[in-house]
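Please have the model open as you read.

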Amino acid sequence: MAVFRATIRYYDPFLLYLLLLVLFLPNFHQTDAQIGVCNGRLGNNLPSSQEVVKLYKSYGIRRMRMYDPNPQALQALRGSGIELVLDVPNNDLEGLANTATASKWVQDNVLNYNLDVKFRIIAVGNEVNPTARLAPFVLPAVTKIYDAIASAGLKDQIKVSTATYSALVSNSFPPSKGSFDGASGSFMGPIINFLNNTNNPLLVNIYPYFSHIGNQQNVPLPYALFTATAGFPQDGQNQYRNLFDALLDAVYSAVEKAGGPNVEIVVSESGWPSAGGPSASVANAGTYYRNLINHVQGGSGTPKRPGRAIETYLFAMFDENQKSGAESEIHFGLFSPNKQPKYQILQNTWSTRPLVESLVLYCTI
């Protein structure tokens, strides 16, 4: 009520405008809350955990994905208000198929911080290949971590899942034909059944960049960058104006066929490199990130799941100079290691939250 008293007593049309803006704060939260950023740490020149959290907060980035339970990073997150997707590293999967080991992992890395760190999802394993040695341990580890979370009374607060990748989908076009076949089906089917029965989402890493460079003739650059203006593929009554939606809906089709009609999908990674490979440039990356953010925040969903929020995590916060693989792998950062944004659009995108908070302060003085 202090806000209203101050406004009425010191009548000012501009102040009333700001007050109206504050009254609509839930709408701001609803749109920008769907975007997070992955905090990869494979670099020898990256800022400290405290600096990283400060940078997230200064840009209004309210969700983070972190790939291992680093104690310094978890400590830095205390009291930050940032919602966290925390990964169980692949190397830990085999041991966590044991109840006691899973309970200790949850105690050490979740419960010891839960009072002032906002855990959102535990991602048990990342992009495990269905034919890899660790594949048989994914579901048991997911189950044991879930049981430990449930035993702590947190199953409605903290979701438990695993992160997979869109390349596991067979027959990905048209999207309605998407399915998990062969080894992928044997691997993903039981996982999806578990997620469906426990009301947990599936995490999926989706990269139009890799689809484009793998088949440039049939996947043109504008279609991957959300900039195509014609030639949109049709799938029944659904028209696909960008590759991101087509890839995501192919996963939804595969998940439905595997027995998970109610399983939601979180896009746990999506990004575009600024150098190091075909179509990798600052201009293309900036275009992709800007358009992806606008698409996700717009609330239109996908043709298959219209009007649904798409919880999405951009990959990644920083360029990581110790990543292996193609040269492009080290150039996915939204920021350079010196904390400078690589894309001007980022400043405009993430300034919404701090601006609104400053208006709250202004109106309550």
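How many aromatic pairs does the structure hold? The count is 17, where rings of Phe, Tyr and Trp (its six-membered ring) pair if their centres lie within 6.5 Å, with planes under 30 degrees apart called stacked, over 60 edge-to-face and the rest tilted. Before going further, please note that this is a predicted model, in which local features need pLDDT of at least 70, side-chain atom pairs count only at pLDDT 80 or more, and totals for chains, interfaces and linings use all residues. Residues are numbered from 1 along each chain as its sequence is written, and side-chain values use heavy atoms, with hydrogens and water left out.

**Aromatic pairs**

Let us begin with Y59 and F335, whose ring centres are 5.0 Å apart; the planes stand at 75 degrees, so this pair is edge-to-face. The two residues come from distant parts of the chain, 276 residues apart: Y59 is in the loop between α4 (49–58) and β2 (63–66), while F335 is in the loop between β10 (312–314) and α13 (344–350). Helices (H or I, at least four residues) and strands (E, at least two) are DSSP runs, numbered from the N terminus. Y59 counts as buried at 10% relative accessibility, and F335 is buried too, at 0%; buried means under 20% relative accessible area, exposed over 50% and partly exposed in between (1.4 Å probe, protein chains only).

A second pair to look at is Y146 with F194: the ring centres are 5.4 Å apart and the planes lie at 90 degrees, so this pair is edge-to-face. Here the partners sit in helices, Y146 in α7 (residues 135–151) and F194 in α8 (residues 182–198), so the contact ties together parts 48 residues apart in sequence. Y146 is buried at 13% relative accessible area, and F194 counts as buried at 13%.

Aromatic residues also gather into a cluster, which includes Y67, Y207, W272 and F332.

**Salt bridges**

Side chains of opposite charge can pair when their charged atoms come close. How many salt bridges does a search of the whole structure find? It finds 16, each being a side-chain nitrogen of Lys or Arg within 4 Å of a carboxyl oxygen of Asp or Glu. Three of them are set out below.

| Salt bridge | N to O distance |
|---|---|
| R63 and E83 | 3.0 Å |
| R65 and E269 | 3.3 Å |
| R305 and E256 | 3.0 Å |

The bridge between R63 and E83 links strand β2, which holds R63, to strand β3 (residues 83–88), which holds E83, across 20 residues. R63 is buried, with a relative accessible area of 6%, whereas E83 is partly exposed at 21%.

R65 also lies in strand β2, and its partner E269 in strand β9 (residues 265–270), so this bridge ties together parts that are 204 residues apart in sequence. R65 counts as buried at 0% relative accessibility, as does E269 at 6%.

In the bridge between R305 and E256, R305 comes from the loop between α12 (282–297) and β10, and E256 from helix α11 (residues 243–257), 49 residues apart. R305 is buried, with a relative accessible area of 8%, but E256 is partly exposed at 30%.

Which residues do salt bridges with shared partners join into one network? They are R63, E83, R120 and E311.
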